[in-house]
Amino acid sequence: MANLESLLQKCTSLARIKQLQSHLLTSGKFQFYPSLTTKLIELCALSPIADLSHAITLFHQLRKPSTNQWNAVVRGLAQSLQPTQAISWYKTMSKASQKVDALTCSFALKACARALAFSEAMQIHSQIVRFGFGVDVLLQTTLLDVYAKVGDLGFAQKVFDEMSERDIASWNALIAGLAQGSRPTEAIALFKRMSEEEGLKPNEVTVLGALSACSQLGGVKGGEKIHVYIMEEKLDMHVIVCNAVIDMYAKCGFVDKAYWVFKNMKCGKNLITWNTMIMAFAMHGDGGKALELFGEMAKSGVCPDAVSYLAALCACNHAGLVEDGVRLFNSMEVQGVSPNVKHYGTVVDLLGRAGRLQEAYQIIDSMPMFADVVLWQTLLGASKTYGNVEMAEMASRKLVEMGSKGCGDFVLLSNVYAAHERWDDVGRVREAMKRRDVKKIPGFGYIEVDGVIHKFVNGDQSHVKWREIYAKLDEIMLSVKAYGYVAKTNNVLHDIGEEEKENALSYHCEKLAVAFGLISTSEGTPIQRLLVTFICSNIGRRMKLKGLKPL
DNA sequence: GTAGGGTTAG
């Protein structure tokens, strides 16, 4: 028996497992050593050589599967590409008998998180209470985490508030949940409450959530404090923490600091470290440095993956290194990395910005996968920039075919016509917008001053301080004109007078927000852009990351 | 002995 177990441990392939399995079957040991059989199923369902279907075949051969054997399958399915299957198995299991234990619930909940199955998570939640597992700290933390991941932060918060006992992981789960759910301010507040009020020491997982929140807020000061704490507590021995610090500095606009951390890391760099740093240089327009690092990473023995290529392409795009970008893109296949829709998107943008519209179109045309809306929008945007009517019409046609209801697409096309003073065509687009019931959703400009969020629309005069804001903008306009700025009025939708067009541009909502920020803060205070994102966009991203299909 | 919290992306 012990001998067989050690043999099982040495199985490094499915073939070996099957060999052992046939031995168990022929010698009649299969049904008599349930723990060994469980190990066999676990090995098939969970290990890197995993073969779930084989685990399930094994499971079906059991006359009376034990809880552990059920759990092995549910757990395996939960981390597979079909997490919904784990939920079905859980349902079958809970109907069959009282075999479900806290672990089964835990695995099934994990599956809910990955499948974004909110109502299923609620059902399991109620069963947990009924089964009497409700006071289990580990299960409650899982529950909290699942609610946060499926997008219901209110429920997550409620579970957290009602916990009779919380440990560090419970705090970490909610902090990370808030940070990832675009509620960074609350994440930071909870982080402070945890360390200052509860006296709990943040660990390497806590700081990840807090750093992520800082980068969303552009709050370097908070980020720096956390960095100091990380150094003091030697949490920088974890690569993952260093990666988050680098990312935080980069997103707050301090590439140099990010690079300093990158250079002075005591622990080894991994693929994500390199990718984060390359992306940091890319975002700040230092294409040369980004490409240099890209070359260095391969030399240091880290093989670039799809994200590395994307970061490098992004660098070329932002730095206008068109030839480098095209060369890089063409070298991908040879290097064994197949471009995905984001790589295509970046190259189309790169070529489009350079005015090479025909090539950009050919790239889209040659794609082996379905070109999404963003690609055609990119081409449409480039066509607008270069005033290419034919290309703009073609891209618009595609967008309409794809059922685009975004007014932005129509406005872009209309702008192209307006630039050529083709007012009849502008009118036609406007008619089409009416027919399709495309409503022009007004854009908003937001700014937070002293914790209060102010919202502006174009030409807004509803703010109490609107006269001061307009005066500040006029002052700015005067000085930029002194530097040679000329308003680009040919993109304005309506065929109105020149002066009016200029006003439509001058009092744009984002400019109003920035001007308000300037008159409301002391000199030298950085003005940060407040990004308004929705939880759903984060969930969408998470799904894409995991390669899952929505329910 | 089996479980919970986690960094990169047009």
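How many residues does helix α11 have, and how far does it reach from its first C-alpha to its last?

1. **What you are looking at.** This is a predicted model, in which local features need pLDDT of at least 70 and side-chain atom pairs count only at pLDDT 80 or more, while totals for chains, interfaces and linings use all residues. Residues are numbered from 1 along each chain as its sequence is written, and chains are lettered from A and ligands numbered from 1 in the order in which they are written.

2. **Overall make-up.** Chain A contains 30 helices and two strands; helices (H or I, at least four residues) and strands (E, at least two) are DSSP runs, numbered from the N terminus. Of the 551 residues in chain A, 38% are buried. Here a residue is buried if 20 or more other C-beta atoms lie within 10 Å of its own, exposed if 12 or fewer, and partly exposed in between, with C-beta atoms placed from the backbone. Among the contacts in chain A with a separation of 6 or more, 61% link residues 24 or more positions apart. Two residues are in contact if their C-beta atoms, placed from the backbone, lie within 7 Å.

3. In the model, residues 270-304 are 74% helix and 0% strand, with end C-alpha atoms 11 Å apart. Residues 305-339 are 69% helix and 0% strand, and their end C-alpha atoms lie 10 Å apart.

4. **Helix α11.** Back to the opening question: α11 (residues 168-180) has 13 residues and reaches 18 Å from its first C-alpha to its last, close to the 18 Å expected at 1.5 Å a residue. The expected span of a helix is 1.5 Å times one less than its number of residues. Eleven of the 13 residues of α11 are buried, so this helix is largely enclosed by the rest of the structure. Those buried residues include W171, N172, L174 and Q180. Just after α11, S182 has a positive phi of about 60 degrees.

5. **Helix α13.** The buried residues of α13 pack against α11, α12 (184-197), α14 and α15. Twelve of the 14 residues of α13 are buried, leaving this helix mostly covered. Its end C-alpha atoms are 21 Å apart, in agreement with the 20 Å that 14 residues should span at 1.5 Å a residue. G218 follows α13 and has a positive phi, near 65 degrees.

6. A213 is found in α13 (residues 204-217). A213 counts as buried because it has 29 C-beta neighbours inside 10 Å. Leaving aside neighbours within four places in sequence, A213 is in contact with A179, P184, A187 and I188. K234 is found in the loop between α14 (220-232) and α15 (239-251), and is exposed, with 11 other C-beta atoms within 10 Å.

7. Two residues other than glycine deserve a look. Phi of K234 is positive, near 55 degrees. L116 also has a positive phi, near 55 degrees, and is placed in the loop between α7 (102-115) and α8 (118-131). L116 is buried, with 22 other C-beta atoms within 10 Å.

8. **Nonpolar cores.** The largest nonpolar core has 128 residues, and A108, C112, I278, A312 and A315 have the most contacts inside it. Helix α19 (residues 306-319) gives the most to this core, with nine residues. Apart from it lies another core of nine residues, including I447 and Y507. A nonpolar core is a set of buried Ala, Val, Leu, Ile, Met, Phe, Trp, Tyr and Cys residues joined through C-beta atoms within 7 Å.

9. **Around the DNA.** There are 47 residues around DNA strand B, of which T141, A169, N243, N275 and G345 come nearest. A residue is near a strand if its C-beta atom, placed from the backbone, lies within 6 Å of it. The residues of this surface divide into 22 nonpolar, 16 polar and nine charged. Ala, Val, Leu, Ile, Met, Phe, Trp, Tyr, Cys and Pro count as nonpolar, Asp, Glu, Lys and Arg as charged, and the others, Gly among them, as polar.
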